[in-house]
Amino acid sequence: MSTPARRRLMRDFKRLQEDPPAGVSGAPTDNNIMVWNAVIFGPHDTPFEDGTFKLTIEFTEEYPNKPPTVRFVSKMFHPNVYADGSICLDILQNRWSPTYDVSAILTSIQSLLHDPNPNSPANNEAAQLYRENRREYEKKVAAIVQESWNDDEDDDDEEEGEKS
Amino acid sequence: MSGQMSQESDNEYSDDHIEDDEDEYDNYYYDNNDDLDLDKPKKSDDPEYFEFDLLKVEDVERLLNEEVEALCTSLKITPSLAKMLLHAHGWQRSLIIERHQRDPEKFLVDSRIVADKKNISQDNIMGLTHTCPICVQQLSKDEFQALSCQHLFCNECWDMHFNIQINQGLTTGIECMGKDCKLLVPEDFICGILKDTSMREKYFKFSFTDLIKSHSQLRFCPGPNCSIVVQAKEPKAKRVECNMCKSTFCFRCGIDYHAPTDCDTIKKWLMKCADDSETANYISANTKDCPKCHVCIEKNGGCNHMQCSKCKSDFCWMCLGEWKTHGSEYYECSRFKENPNIANESVHVQAREALKKYLFYYERWENHAKSLTLEEQTFKNISTRIQEKVMNNEGTWIAWQYLLKAADLLKKCRYSLQYTYPYAYYLDRGGRKELFEYQQAQLEAEVENLSWKVERAEISDTGELENLMDIAEKRRLTLLKDFLEV
Ligand SMILES: [Zn+2]
Ligand SMILES: [Zn+2]
Ligand SMILES: [Zn+2]
Ligand SMILES: [Zn+2]
Ligand SMILES: [Zn+2]
Ligand SMILES: [Zn+2]
């Protein structure tokens, strides 16, 4: 069935394939266009460099009038990411605009890895280390970058299954 | 500080206030001309005097419409725009006109009503059709609308956007859907698009509330299910009583009236009490042991002057000290004695001292609040007592009315007294605090005297009780005059 949300998600997917932004990728799951898997590569010159972080994006029929729910599946250590992987980012809450698409969401999250906002901490430990002890912060981030490769291997079968 | 005034003096001011005399004279003259009702409080000697009107919804609608129309005529703009400007600038019409005259374009851009030239979208419709960036439908060009920012969206997407915003309670704050566009959507644009009439009704209902909230001279009565709106020329922290639902509240902040404490302080105090409710719970008990014979005594009236039912000793409910000493030294009971050396103590001692201080004030605050509810019972008891007395031919019903009047005044004094404790808690140490606590203690003493007498008065006590009422009210007004910010 083609609802406005589904029609729009098809357009978002097309745009993501035709004009892919650097360092992010995403696609609907096989059996449900309302649930997407995405990957953000840790940006260069940040402690997240070389990490491959997986996320899920869940849309409702109210998309794009309401933002989707975005969550890191890979373990994250970041001032604005909660323990359950959900993200504190204004455009996913009160500053959402129906003109944002999946590409805009993913690039916004990517730039959040660049520039954490320590004023709205979702992870107090990360926020405190980011402010006061950058070396320890980077050490903790390096650990989750390593972990992000591990869960790559774990899910390899699953991923291949999805791509076929 | 002496309460005695010379007999010749025709007002309560002493000689060092002589420069005020002319004002006093003016007010005196004015009052006499204007209101002949002698019972009515006068501006000059009542620190709680406040002029306000109670309006019905229709009255408010008319009032707002008049203001909107006046602005439309001055600026030659639509009512929808005028409403936006009034809402954004607290209904200060002269300020709006002045800023508009100085630079109309900049003013409208700053007020988020007209798009800044550099933010206007170049996304024009070239052919006969256009693709909506939100629903990606290709539609005929007359299906599209945009505000001055030229962010084009199809009517269906606008409608969806407005529905979602209104359901979240937004009306006057609804913005354009464009990326990073903060332009506000005017009422006529929204109503031109909303298909659902019930949604339109909802919009008007919510935006009416929004408009009143943005108006500094208006306030909704906070009473449950009450639709009265209070109007006052000056938005002051003064007492308002709603004649529909009988609630009384502060005009400026809308919560329970709180003189002499100001709006910010009472909010801080109430938040502190909510945070520390656990700590404070243990003092909420309604029973204490007699300090002499240790029998358990229950407090069942408002009065702090307790008499043990067993050993008949008189003591103070708050501090458990002998009542005799309270006549002259009430000061010691209502004042918290701070450790003068506290700055040099350890963190632990300081924390304990801070808690002790808070509990001291909290206990007195809470006690008056409780006494006030007990006073309701006293009021009922008095009514029954009067009935009995009249039946036994001890005075007429009319003659006994003074007692109900006294109970009423007692409530008023106790209420003010309750709100002196948050004030004292936040007051810095020094001369002003000492003066405040002195006056507070005086009021405490008079309130307890009155309370004790009201519970026991006979018909022959009329004169004495009236005298006590007079003193208590004078003490209350003196304290408010000196410490209530006007
Ligand atoms: Zn559309
Ligand atoms: Zn716009
Ligand atoms: Zn009311
Ligand atoms: Zn107030
Ligand atoms: Zn006793
Ligand atoms: Zn006492």
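Close-up 1. B:Arg414 counts as buried, because its relative accessibility is 0%. The model shown here and in the other views is predicted. B:Glu448 also counts as buried, at 1% relative accessibility. The two side chains form a salt bridge, with a distance of 3.4 Å from N to O. B:Arg414 belongs to helix H14 (residues 397-418) of chain B and B:Glu448 to helix H16 of chain B, so the pair ties together parts that lie 34 residues apart in sequence. In general, side chains of opposite charge can pair when their charged atoms come close.

Close-up 2. B:Lys389 is buried, with a relative accessible area of 13%; the cut-off for buried is under 20%. One salt bridge joins B:Lys389 to B:Glu458, and the closest N and O atoms are 2.8 Å apart. This pair links distant parts of the chain, 69 residues apart: B:Lys389 is in helix H13 (residues 347-391) of chain B, and B:Glu458 is in the loop between helix H16 (431-454) and helix H17 (462-483) of chain B. B:Glu458 is partly exposed, at a relative accessible area of 31%. B:Lys389 also forms a salt bridge with B:Glu394, where the closest N and O atoms are 3.7 Å apart. B:Glu394 is partly exposed, with a relative accessible area of 32%.

**Close-up 3. A network of salt bridges in chain B.** The linked residues are B:Glu48, B:Arg239, B:Lys412, B:Glu473 and B:Arg476. Over all chains, a search of the whole structure finds 34 salt bridges.

**Close-up 4. The zinc ion (ligand 1) and its cysteine donors.** The SG atoms of B:Cys132, B:Cys135, B:Cys154 and B:Cys157 coordinate the zinc ion (ligand 1) at 2.2 to 2.3 Å. The arrangement is tetrahedral because the 4 donor atoms subtend angles of 104 to 120°; for four donors, this label requires all angles to lie between 85 and 135 degrees. Along the chain, the donors of this zinc ion (ligand 1) follow the spacing C-x2-C-x18-C-x2-C.

**Close-up 5. The zinc ion (ligand 5) and its cysteine donors.** Here the protein donors are the SG atoms of B:Cys290, B:Cys293, B:Cys308 and B:Cys311, which lie 2.1 to 2.4 Å from the zinc ion (ligand 5). The 4 donor atoms subtend angles of 105 to 116°, so the arrangement is tetrahedral. The donor residues are spaced C-x2-C-x14-C-x2-C in sequence. B:Cys290 sits in the loop between strand E10 (287-289) and strand E11 (296-298) of chain B, and B:Cys311 in the loop between strand E12 (305-307) and strand E13 (314-316) of chain B, so the pair ties together parts that are 21 residues apart in sequence. B:Cys290 is buried, with a relative accessible area of 0%, whereas B:Cys311 is partly exposed, with a relative accessible area of 32%.

Close-up 6. An unreviewed UniProt entry annotates A:Cys88 as "active site". A:Cys88 is found in the loop between strand E4 (69-72) and helix H2 (102-114) of chain A. Apart from neighbours within four places in sequence, A:Cys88 is in contact with A:Asn80, A:Tyr82, A:Gln93, A:Leu112, A:Ser120 and A:Ala122.

How values were computed
Residues numbered from 1 in each chain as written. Chains lettered and ligands numbered in written order. Predicted model: local features only at pLDDT ≥ 70, side-chain atom pairs only at ≥ 80, totals over all residues. Heavy atoms only, no water. UniProt positions renumbered as here; feature names shortened; annotations may be inferred. Helix = DSSP H or I, 4+ residues; strand = E, 2+ residues; numbered from the N terminus. Contact = heavy atoms within 4.5 Å. Donors = N, O, S within 2.8 Å, 3.2 Å for Na, K, Ca; no water. Tetrahedral: all angles 85-135°; square planar, octahedral: opposite > 155°, others 65-115°. Buried < 20%, exposed > 50% of the residue type's maximum accessible area, 1.4 Å probe, protein only. Salt bridge = Lys/Arg side-chain N within 4 Å of Asp/Glu carboxyl O.
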